[in-house]
Amino acid sequence: MARRIGKHWWIYEIVQFATYFWLPVVLVALWWFISSDSQSFFMPPLSEIVQTLLNDIGNGELLEAAAFSMRNVGTGLSAAIVLGVSFGLLIGYNSVLRSAVWPLIAFLRAIPGVAIIPIVLVAFGVGPGPQIFVIALGCVWPILLNTIDGVRGIQSSITDTARAYRLPRALFIRQVLLPAATPQIMAGIRISLAVSLTIMVVSEFSAGNQGLGVYISSGVQSFAPSQVWAGTVFIGLIGYLTNVAFVLIERRILAWYFEIPRRTATKITSIAGAENERA
Amino acid sequence: MNAHSTVNAAPPMVVDGVSKSYGSIEVLRGLTLRVDPGEILCIVGPSGVGKTTLLRCLSGLMPPTSGEVRVADQVVTEPLQEIGLVFQDYRGSLMPWMTTLENVLLPLRGKRMNLSDARERSLSCLANVGLAGHEEKYPWELSGGMQQRVAIARALAYDAHILLMDEPFGSLDAQTRFDLEDLVLDLRRRLGISVIVVTHDIDEAVYLADRVVVLSGKPATVIDTVAVDLGPVRDQVASKGLAEFSRLRGRILNEIRRKK
Amino acid sequence: MTLIVRRLATFAIFGLVWALAVHFGNVSPNILPQITDVALATVELLGRDTFYIAVATTVRDAAIGLAIASVLGVSAGVAIGAMPALERSTRLLIDFGRSFPQIALLPIFLLILGASSQMKVTLIAIGCFFPILLQSIYGARKMNSTLQDTVRAFRLPWRMRFFRVLLPSASPFILTGFRIAVVVSILVSVAVEITSPVTGIGRELAEARDFYETDIAIAYAIYAGILGVLVNAAVDQLERRIVRWHLSDKEA
Ligand SMILES: Nc1ncnc2c1ncn2[C@@H]1O[C@H](COP(=O)(O)OP(=O)(O)OP(=O)(O)O)[C@@H](O)[C@H]1O
Ligand SMILES: [Mg+2]
């Protein structure tokens, strides 16, 4: 295609680029113009929202809130990864243990993470500790279940090879079991990433005195709708960027799985992926 | 430099009255075989007769129901240091997350070998199978034949003196298969290893083997052992054109057909 | 037999650890009530009218939201999946929407719609929309090319193409999306009820918690889990039936 266009290939590139961006640009522009003389108290003009957003980013209020929230998310998710992957390897590998604990796991993971939030927050009060705890608790299940699935899905030719070459157990777990399960583990982490953001927001809505959720809900209490909108837009941006970062990391860790040649610039055109994993 | 300079280092392998049942279904009955040091033994038989089952018993991955397998008077109850395995499915036995070199290194790390020695040894074994320069590639960057070479190099680096191969070249194209057959003959000649090859392909069996064991029946028994006197050096065109070659080939084919 | 023993033993150990920890750790019932109290609370709830009203409200709102999301998600998804140009144009929006923690929209809808079940249903629909949309897109995109060629060759009108070809061939994917969305619907429902004054399981839970009836609150959380399991089992049944219908369709 590009060749046929010859020396005007850049026009082709711009058109390509435009096919991805025109619709979001048009929608934002529409929002801007339609809301520009909005009289509704709850739907301030987009210009006003952007004003608030830039203002609160500039004075550090939003960034501080985001830092607090994302630190909790990062810590809780990390704890969930460590716990979920270690227990997942253990349970996935040991069939006796797995058959014994399976119903208990099925029972515990069915309890929605958001339902635990008020119970934990009233018991332990507000602050980073309890919030990290509920995030970790909600995030551990998808990672645990996906790790177990990943270990169980390991090909028998791989385990036979490991046995035939008498790999010691520690080496086997580190070099064979863990990498073999990594694609599935990453799928679990991706689900948990979404769970962690949701729990963070809900827990900050229901209690707390710091963070993005608090920034938004204080906008509701002080009847400052543009603050509510600005905070929501900001959370959206954070969610999007976190997902993009995740995809980049995943493609790096799983280069062998996606068969990505090394030293090749890889363009990601979408962060979407089929969700056939255990949610 | 070469890790396998000692010729005829392979210990003899003895299969003594091995039977194997899966539940109540008997697959192998009373198999008795002997593999001499430096010998290439091919096992042929119809599909589903129990060739893979036999190889898994020989390798120690699976215990026989009765009888025993001995390597240098040691009874095989679990995978031994002396035995290297090459599987039929080359896609499944290399770790896809490891480079060629890492794949060959892995068993040596399990043996707690000094890392620089292990590297040197792995590199020399990769060179031995004609893969010098491909050390940093991942399995998906290699052709099927190259992947099977990596599996062979891994067995050699592990210092296996007996190579067990389950239909190792079954899913490769004809030219690649010929190259790898010659590689096996060459390695045996240079390193003195013993090789047991399970195969469907009777031409391949006669071309490679010093002796061909024919399995047939349900449960499977050894119905014939054919000595192949074509000498240690063979040629894909010349050897296969010999009258002796087609005589042996015809004999084995008839035996398998008659049993059906 | 030994399997059942092993499984019961796991539950027994879990319960025992809980009981002993509370008993010997002198844990205040505000933080973690004794397991027997929680068990009693789950039974007690079955005798309360408010419990049934709460469950019914949550299920009803989740179902309405799910239904709206299914109609919108499937039609938009199949259309987007079938038209590559549309897919490119909407990709950024969809990527943005799916990585958005949708529950964060709660305050905005609280402002616009007030604390009503309308607001709850809207948020449930938004939450359920994306999994269904994404799976429908995959389903429509994965439609095998021979089928596509056949459709072109016969110049089927678009309505027939949509209902007779695209929809059935995408249905396994759509079902996967639906299965995810079902769980999401209960989740969003409970989350909204916990954080805003609208009725449902989550509200009862939060109120029990505010009155320091921790055992009742935990009992509600358990019922929320059981609800999720039941709803999942129902979808399983549905899926089995649809798959069977699919198979018999092919054999015929
Ligand atoms: N794990 C098992 N459990 C029960 N039966 C098995 C098992 N593995 C193999 N069998 C049965 O044992 C018989 C021999 O199988 P085996 O795989 O050893 O045959 P094979 O000669 O290697 O066949 P092929 O040439 O197709 O590879 C077959 O009938 C097979 O169905
Ligand atoms: Mg076989």
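1. Chain A and chain C bury about 5,000 Å² between them, with 76% of that on carbon and sulfur atoms. Buried area here is the accessible area (1.4 Å probe) that two parts lose on being put together, summed over both. This is a predicted model, in which local features need pLDDT of at least 70 and side-chain atom pairs count only at pLDDT 80 or more, while totals for chains, interfaces and linings use all residues. Residues are numbered from 1 along each chain as its sequence is written, chains are lettered from A and ligands numbered from 1 in the order in which they are written, and side-chain values use heavy atoms, with hydrogens and water left out.

2. In this A–C interface, 55 residues of chain A are in contact with 49 residues of chain C (contact means heavy atoms within 4.5 Å). Seven residue pairs are in polar contact, both at pLDDT 80 or more; such a contact is a pair of N or O atoms within 3.5 Å, and within protein one must be able to donate a hydrogen and the other to accept it, while residues adjacent in sequence count only if both atoms are side-chain atoms.

3. Ala, Val, Leu, Ile, Met, Phe, Trp, Tyr, Cys and Pro count as nonpolar, Asp, Glu, Lys and Arg as charged, and the others, Gly among them, as polar.

4. Now to chains A and B. Here the buried area is about 2,400 Å², of which carbon and sulfur atoms give 61%, and the contact takes 21 residues from chain A and 30 residues from chain B.

5. One salt bridge is counted between chain A and chain B: the side chains of B:Arg56 and A:Asp160 meet at 2.6 Å, N to O. The rule asks for a side-chain nitrogen of Lys or Arg within 4 Å of a carboxyl oxygen of Asp or Glu. For chains A and C, by contrast, it finds zero salt bridges.

6. Finally, the ligand. Among the residues around ligand 1 are B:Tyr22, B:Lys51, B:Thr52 and B:His200, where a residue is near if one of its heavy atoms lies within 4 Å. The shell divides into three nonpolar, six polar and two charged residues.

7. One is 2.8 Å from an N or O atom in the side chain of B:Ser47, one is 2.8 Å from a polar backbone atom of B:Gly48, and a polar side-chain atom of B:Glu167 lies 3.3 Å from a ligand oxygen.
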